[in-house]
Amino acid sequence: MSAQPPPGYARIDLGKGYSVRFGPVYLDRTNQRLAFQVAEQHLNPVDTCHGGALATFSDAMIVAVWPGAESGQAHTPTITLTTDFFAPVPFGAWVEADVELTRQTRTMLFVQSLMSVDGRKIGRASAIYRNPANIKPGSSGEKA
């Protein structure tokens, strides 16, 4: 299994807790892309990437389009997340997500992504996040 991400990516810190257990995630901010490599902890019983792992990865897509989200400076709680899976993803594969901020309102950020492995589409995700401009610092998402 290669430890090197695709060109243009840098490892990012998504914080503590579950994010650490998930493993490394890589960001190419210039192209608004995220990536991770399918490792042992991401596998399901038939040795392909678990849908829950792809959903967890998808939930991080906000960091590709909202500066500060990866460091916790801009807290962007998830309001809703939808994931669709097109194809199985094998152990060791690099999953890349092209991310787009499709709409921004005073209180919400609408984001979508297409996930691929070696140029083959394997899934898509869409999410609504709370706009950090209207969150009181230190809160769980209450309006300021």
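The legends below describe close-up views of a predicted model. Local features require pLDDT of at least 70 and side-chain atom pairs count only at pLDDT 80 or more, whereas totals for chains, interfaces and linings use all residues. Residues are numbered from 1 along each chain as its sequence is written, and side-chain values use heavy atoms, with hydrogens and water left out.

**View 1. Strand 7 and its antiparallel partners, strand 4 and strand 6.** Strands (E, at least two residues) and helices (H or I, at least four) are DSSP runs numbered from the N terminus, and two strands pair if DSSP finds at least two bridges between them. Strand 6 (residues 108-117) is joined to strand 7 by ten bridges, and Ser113 stands opposite Ala125 in strand 7. These two strands form a hairpin with two residues between them; in the turn, Asp118 has a positive phi of about 50°. Strand 4 (residues 78-85) is joined to strand 7 (residues 120-130) by seven bridges, with Thr78 opposite Tyr129.

**View 2. The salt bridge between Asp84 and Arg124.** A salt bridge is a side-chain nitrogen of Lys or Arg within 4 Å of a carboxyl oxygen of Asp or Glu. In this pair the closest N and O atoms are 2.9 Å apart. Asp84 lies in strand 4 and Arg124 in strand 7, so the contact ties together parts that are 40 residues apart in sequence. Buried means under 20% relative accessible area, exposed over 50%, and partly exposed in between (1.4 Å probe, protein chains only). Asp84 is partly exposed at 28%, and Arg124 is also partly exposed, at 43%.

**View 3. The salt-bridge network of Arg33, Glu96 and Asp98.** A search of the whole structure finds three salt bridges. Arg33 meets Glu96 at 3.3 Å, N to O, a pair that links strand 3 (residues 33-37) to strand 5 (residues 94-104) across 63 residues. Arg33 also meets Asp98, at 2.5 Å, N to O. Because Arg33 lies in strand 3 and Asp98 in strand 5, this second pair ties together parts that are 65 residues apart in sequence. Glu96 counts as buried at 14% relative accessibility, whereas Asp98 is partly exposed at 31%.

**View 4. Aromatic pairs of Phe22 with Phe36 and of Tyr26 with Trp94.** Rings of Phe, Tyr and Trp (its six-membered ring) pair if their centres lie within 6.5 Å; planes under 30 degrees apart count as stacked, over 60 as edge-to-face and the rest as tilted. The whole structure contains three aromatic pairs. Phe22 and Phe36 form a tilted pair, 5.1 Å centre to centre with 55° between the planes. Phe22 lies in helix 1 (residues 18-22) and Phe36 in strand 3, so the pair ties together parts 14 residues apart in sequence. Both Phe22 and Phe36 are buried. The rings of Tyr26 and Trp94 have centres 5.4 Å apart and planes at 70°, so this pair is edge-to-face. Tyr26 is buried at 9% and Trp94 at 14%. Phe22, Phe36 and Phe57 form one aromatic cluster.

**View 5. The largest nonpolar core, with 34 residues.** A nonpolar core is a set of buried Ala, Val, Leu, Ile, Met, Phe, Trp, Tyr and Cys residues joined through side-chain atoms within 4.5 Å. The residues with the most contacts inside this core are Leu34, Phe57, Ile62, Val89 and Val95. Elements that give two or more residues to the core include strand 2 (25-28), helix 2 (51-59) and strand 5.
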